[in-house]
Amino acid sequence: MSRAGDTLAHRWRAARPPVAGLHLDSAACSRQSFGALDAAARHALHEAEVGGYVAAEAAAPVLDAGRAAVAALSGMLDAEVVFTTGSLHALDLLLGSWPAENRTLACLPGEYGPNLAVMAAHGFDVRTLPTLEDGRVALDDAAYALESDPPDLVHLTVVASHRGVVQPLAMMAQLCRELGLPLVVDAAQGLGHVDCVAGADVTYASSRKWIAGPRGVGALAVRPELMQRLRPRLASPAWAAPAPPTARQLEFGEANVAARVGFSVALGEHLECGPELVRARLAELGSVTRTMLADVPGWRVVEEVDEPSAITTLAAVDGADPQAVRAWLLAERRIVITCAGVQRAPLELSAPVLRISPHADTTSDDLAAFAEALEAATASS
C-alpha cells in the first residue's frame with residue numbers, strides 16, 4: 001500500500017468508532033464519522049430546544065454547503081441540488097416530473113433492477129445500449145444506436161450494483177453533448193468512489209455509500225435549463241403565488257433535516273480529505289483485494305485487477321451458495337459483505353454473486369483475513 005494511502009487510512013479510521021468485526025460493505029453502507037454523527041445529533045437536539053423549523057433555518061448554511069459539494073463533485077457547479085431520501089427517490093422525482101410526451105430512455109443491460117422498476121412505473125420506453133463483454137458500454141456502437149434512433153434521455157449508472165466496472169462517464173457525456181441528448185447519471189456507487197466530474201445534465205446519489213453519511217438521505221443535481229423543463233407532480237397550485245422555484249417544489253414535504261446535516265458534514269469531510277486521494281486509495285484497495293482473492297477455491301474474480309474501483313465481485317464456479325457464504329462470514333467471523341441477487345441487474349445477471357467493497361481504512365491484513373475466512377466459509381457451505 002502507498003504511504004499516502006496509509007496516512008489516509010489512519011485518518012479515516014481515527015475519525016470513526018471502532019468497527020465490530022470486519023466491514024467490507026461500503027457499496028451498501030459505509031461507517032459514519034464522529035463528525036457526521038455528532039452534527040446530526042446536535043441538530044436533533046437543537047430541534048428539541050427551539051423547534052424543528054427554527055432549527056432548519058439555522059442549519060441553512062450547512063445545507064447550502066452540502067448542496068455546493070454535490071454540485072462540485074458532479075462537475076455541475078451551476079446545478080440546482082435537491083435533497084432526497086436516497087438515489088431511488090431521486091430518480092423517482094426526476095422521471096415523475098419528466099415531460100409526458102418525451103419518455104423514451106436508453107440505458108445499459110446491467111441497469112439496477114429497482115431503477116428499471118421506477119422507469120416502468122413512469123411509463124418510460126426503455127432501450128438497452130450495446131456493451132462489451134465486461135458490461136462496459138461499447139462507445140462506437142452506442143453512438144450509432146443513439147444517433148440512429150435518439151431517445152429522450154440517456155441514463156448511465158457509472159458503477160453498477162452487481163459489478164465493480166467503471167463506465168467511461170466523461171466519454172459518454174461528450175457523446176451525449178454532441179448528439180444533443182440529456183445525460184442522467186446514477187452516481188449512487190460513484191460519488192466519492194470514482195471521478196464523477198463529467199458535466200452531465202443530471203447526477204443523483206446517496207449519502208450512505210462512499211460518502212459515508214447517514215442513511216435515508218441523498219441528492220439530485222439538475223442543470224437549470226433542464227430543471228425548467230420538469231413538471232413536478234406536486235406542482236405549486238395557482239393560489240400559491242409567487243410560485244416557488246421548481247427545485248423547491250421537488251423538495252416539498254417533510255424532511256429529516258438532521259440526516260441532511262450529517263450528509264452535508266460527510267461531504268465536507270470527503271472534500272477535506274481530497275477526492276483524488278480517496279479515489280486513488282480505493283482503486284488501490286480494489287487491486288489488492290482482487291489479487292488476494294484470485295486463487296481462492298470455488299470463486300472467480302469478475303473484474304480485471306487494475307479496474308479503478310474498490311468493488312470486487314466474486315462469481316461461484318463450483319456450486320458454492322453466495323447467500324450461505326455471506327451468512328457464514330457474518331455469523332462466524334463478523335465479516336460484512338453483500339450477496340447481490342439477480343434482482344440487482346435482471347436484464348444481465350444470471351446468478352447471485354458476492355460483492356466486497358472496502359473503504360479507505362481497510363488494511364492488507366484485513367484483506368488477507370477475509371481471504372482466509374472466505375476459503376473457510378466456502379468449505380463449510
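Trainee: Glutamate 276 first: buried or exposed?

Mentor: Glutamate 276 counts as exposed, because its relative accessibility is 62%. Buried means under 20% relative accessible area, exposed over 50%, and partly exposed in between, with a 1.4 Å probe and protein chains only. Before going on: this is a predicted model, in which local features need pLDDT of at least 70 and side-chain atom pairs count only at pLDDT 80 or more, while totals for chains, interfaces and linings use all residues. Residues are numbered from 1 along each chain as its sequence is written, and side-chain values use heavy atoms, with hydrogens and water left out.

Trainee: Where is glutamate 276 placed?

Mentor: Glutamate 276 is in helix α12, residues 275-293. Helices (H or I, at least four residues) and strands (E, at least two) are DSSP runs numbered from the N terminus.

Trainee: How far apart are glutamate 276 and valine 194?

Mentor: Their C-alpha atoms are 8.7 Å apart in space, although 82 residues separate the two in sequence.

Trainee: And proline 150 with valine 265? What separates their C-alpha atoms?

Mentor: That distance is 40 Å, for residues 115 apart along the chain. Proline 150 sits in the loop between α7 (139-148) and β5. Proline 150 counts as partly exposed because its relative accessibility is 45%.

Trainee: Which residues is proline 150 in contact with?

Mentor: Leaving aside neighbours within four places in sequence, proline 150 is in contact with Thr104, Arg127 and Leu181. Contact means heavy atoms within 4.5 Å.

Trainee: New topic. What domains does the assignment give?

Mentor: The chain is assigned domain 1 (3-31 + 274-379) and domain 2 (34-273). Such bounds come from an automatic or database domain assignment.

Trainee: How many residues are in contact between domain 1 and domain 2?

Mentor: 39 residues of domain 1 are in contact with 34 residues of domain 2. The centres of the two domains, taken over C-alpha atoms, are 26 Å apart.

Trainee: How many residues are in the largest nonpolar core?

Mentor: The largest nonpolar core has 82 residues, and Leu183, Leu293, Phe370 and Leu374 have the most contacts inside it. A nonpolar core is a set of buried Ala, Val, Leu, Ile, Met, Phe, Trp, Tyr and Cys residues joined through side-chain atoms within 4.5 Å. Helix α11 (residues 257-273) gives the most to this core, with 7 residues. Domain 1 and domain 2 each supply at least three residues to this core.

Trainee: What is leucine 374 in contact with?

Mentor: Apart from neighbours within four places in sequence, the contacts of leucine 374 include Leu293, Trp299 and Leu354. There is also a second, separate core of 24 residues, with Cys107 and Met227 among them.

Trainee: Back to single residues. Where is serine 161?

Mentor: Serine 161 is in the loop between β5 (153-157) and α8 (169-179). Serine 161 counts as buried because its relative accessible area is 10%.

Trainee: Which side chain does serine 161 join in a polar contact?

Mentor: The side chain of arginine 344, at 2.7 Å. A polar contact is a pair of N or O atoms within 3.5 Å; within protein, one must be able to donate a hydrogen and the other to accept it, and residues adjacent in sequence count only if both atoms are side-chain atoms. Not counting residues up to four places away in sequence, serine 161 touches Tyr112, Arg344 and Arg355.

Trainee: Last topic: what volume does the largest pocket have?

Mentor: About 490 Å³. On a 1 Å grid over the protein atoms alone, a cavity is a set of points where a 1.4 Å probe fits but cannot get out, and a pocket is an open set with protein on both sides within 12 Å along at least five of seven lines; lining residues have an atom within 4 Å of a point. Grid points are joined across faces, edges and corners, and a volume is the space filled by probe spheres set on the points.

Trainee: How many residues line the largest pocket?

Mentor: The lining has 19 residues, and Ala56, Gly253, Ala255, Val257 and Arg260 lie nearest the pocket's centre.

Trainee: How many cavities of 30 Å³ or more does the search find?

Mentor: A search of the whole structure finds 1. The largest cavity holds about 110 Å³ of space. It is lined by 13 residues, with Leu108, Gly110, Thr157, Ala160 and Gln167 closest to its centre.
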